[in-house]
Amino acid sequence: MSAILSVDDLNDFISPGVACIKPIETLPAAREQEQGQHETGVILDGQQPQVGGAPAAQISLTDCLACSGCVTSAEAVLVSLQSHAEVLATLDAAPALRGRAAVCRERRMLERLLRTERWGLAGGGRWRNGFTWVVDTDVAREAALVLGADEALGAPAAPGSGAPAPAPPVLSSACPGWVCYAEKTHPHVLPHLSRVKSPQALMGTLLKTTLSRKLGIPPSRIWHLAVMPCFDKKLEASREELTDEVWAASGLPGRGVRDVDCVITSREIIMLAESRGLNFFDIPCAEDDDTAGSLAEPAIPFPDARIHNFLFPARAARRVPRMAGSSGGLLHHILQCKAAQIPGSEIQATRGRNADVVEFVVAVDGEPVFKAARYYGFRNIQNLVRRLKPARPSRMPGGRPFGSARRPTGKSASLDYGYVEVMACPGGCTNGGGQLKADDLVVRGRKKSADKPGPQEQKEWLAEVDEAYFSGEEVDGAVKVNGNDDGARNSEDVVGGISHSYIHDTLAYWCEATGISIDRLAFTTYREVISDVGKGTGAENVVQLAGKVGGGW
């Protein structure tokens, strides 16, 4: 959704869309305008108002998720409360923050930046605050993979789960850009979306629920930061479905405390370090570096011992197979699970119309028993949703339904896929809009290139990023499943190094420890976003406002 967008690109705002309710609520009366009063300006989450004078209308990211009328490049520009500046402001707000923060991370340099004084943010802060727990998102990803495989392959639902099964083919929902696109433009695909929370959302719920219960504090006292490769993850963190209103008393979406308070991207990590006078690339990354110290265990144990062992497993990172793709391996794990159920089966892949469309089958003796696909990039996504669109009846007597000459009215095209991994960015998550690009100054400086890179240089840079992603450390020695030397788990329930029984047992314990059902902890919902353009009594006022602030038609 925002693959080419930067948080610095905040100058593309034209005007509120005609469906935006905020300017309607604050439009000055006609008599005041005649007396020379200025019209109400609009602030995009902290930016200067477009028109001076009267108090500005505040438009939040949550507001814009419930509307499809805004005229901007993408909603991800509305992120002033999810930025590196907000991270620093939170750390410097008060000394009592120590011990109340949690972060999702990916690698060791990030851990040193976020936790230590010598190499990190705490050294230059007003109160020397750092983050108490720095957690690898891989642990939440493994839980999401297991739940996603159960959902796609029709495994029995966990006890207490009221989450409805999506209609086949199941479409992945870990990409918030794709989810927002579906909610606003193709609601007919919403019944197909996986109900499993993304790893970011699942980690946020795990941290907020467990810490609030064990420490006896409200969720608002816990501040959770996520580091992601994509600006659209800020959109996900702002969803009303991912707040304490869902898992607390009501169980319904609302404007409660967010499970993920702030999301910053890979590019913003560089800005975060520079704001403290640090060079991120000077931070030691080797675990045996004596000057850096070991960070294998957090200084303060997580308040629940079993969840602590889940969050901080005693193992190295797994090498990601290239067949899994660069977006977390959702589809690959489902294929592995299906193949493990059928002795003698094999996974076959066939490239589609371009590199971002790949079809997979689990076959036995050459005969397919399960079909799946990968669709990356909106150009390919449009073809996918078109095939899922139900036929419309013809207005002509005896005419064929629109969309298909064969399928009945109201039925979608026949897709024999069991699962489709859908991602908004071409090339997958390693090409996310929040990632460093070849034309970023920090990349050009490290490559000692004076010329502005072109498309070929960007392609080569992305290949380097993919190589780094696929070259994680191998697990040496004994088989380590979910962080433990557990030979008993090295059985048929282990797929790709992930023990499904271990994940299910951990999730069951989480439900027991918090007293919350699994459907409110690990699953989410979606809703069609309907524009109010031209409807109601306020349309004329909105047209008037749009024209006066430089917008209009």
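A polar contact is a pair of N or O atoms within 3.5 Å, where, within protein, one atom must be able to donate a hydrogen and the other to accept it. In this predicted model, the surroundings of Ser499 give an example, for the backbone nitrogen of Tyr502 lies 3.1 Å from a polar atom of the Ser499 side chain. The side chain of Ser499 is also joined to that of Ser501 by a polar contact of 3.1 Å. Ser499 itself belongs to strand E13, which covers residues 498–499, and because buried means under 20% relative accessible area, Ser499 counts as buried at 0%.

Side chains of opposite charge can pair when their charged atoms come close. Here the count comes to 16 salt bridges, and one of them is formed by the side chains of Arg276 and Asp92, with an N to O distance of 3.1 Å. This pair links distant parts of the chain, since Arg276 sits in the loop between helix H11 (266–275) and helix H12 (305–311), while Asp92 sits in the loop between helix H4 (84–91) and strand E3 (101–105), and the two residues are 184 residues apart. Arg276 has a relative accessibility of 16% and therefore counts as buried.

A second salt bridge brings together the side chains of Glu240 and Arg255, again with 3.1 Å from N to O. Glu240 is placed in the loop between helix H9 (232–237) and helix H10 (244–247), and Arg255 in the loop between H10 and strand E7 (262–265), so that the pair links distant parts of the chain that are 15 residues apart. The two partners can be described by their accessibility: Glu240 is partly exposed at 25%, whereas Arg255, at 56%, is exposed.

The side chains of Arg322 and Glu467 also meet in a salt bridge, for which the N to O distance is 2.3 Å. Because Arg322 lies in the loop between H12 and helix H13 (330–341) and Glu467 lies in helix H16 (residues 455–470), the pair ties together parts that are 145 residues apart in sequence. Glu467 is partly exposed, its relative accessible area being 41%. Beyond these pairs, a network of salt bridges links Glu183, Arg239, Glu241 and Arg527.

Helix H16 also contains Gln456, which has a relative accessible area of 46% and is partly exposed. The C-alpha atom of Gln456 is separated by 9.7 Å from that of Ala438, a residue 18 residues apart from Gln456 along the chain.

Another helix, H8 (residues 199–215), comprises 17 residues and reaches 23 Å from its first C-alpha to its last, which is close to the 24 Å expected at 1.5 Å a residue. Of its 17 residues, 14 are buried, and H8 is therefore largely enclosed by the rest of the structure. Just after H8 comes Gly216, which takes a positive phi of about 65°.

The last stop is a pair of strands, E8 (residues 346–351) and E9 (residues 357–364), which run antiparallel and are joined by six bridges. E8 and E9 form a hairpin, with five residues between them, and within this pairing Ala349 stands opposite Phe360 in E9.

Conventions. Residues numbered from 1 in each chain as written. Predicted model: local features only at pLDDT ≥ 70, side-chain atom pairs only at ≥ 80, totals over all residues. Heavy atoms only, no water. Salt bridge = Lys/Arg side-chain N within 4 Å of Asp/Glu carboxyl O. Helix = DSSP H or I, 4+ residues; strand = E, 2+ residues; numbered from the N terminus. Buried < 20%, exposed > 50% of the residue type's maximum accessible area, 1.4 Å probe, protein only. Pairing = 2+ DSSP bridges. Expected span 1.5 Å × (residues − 1).
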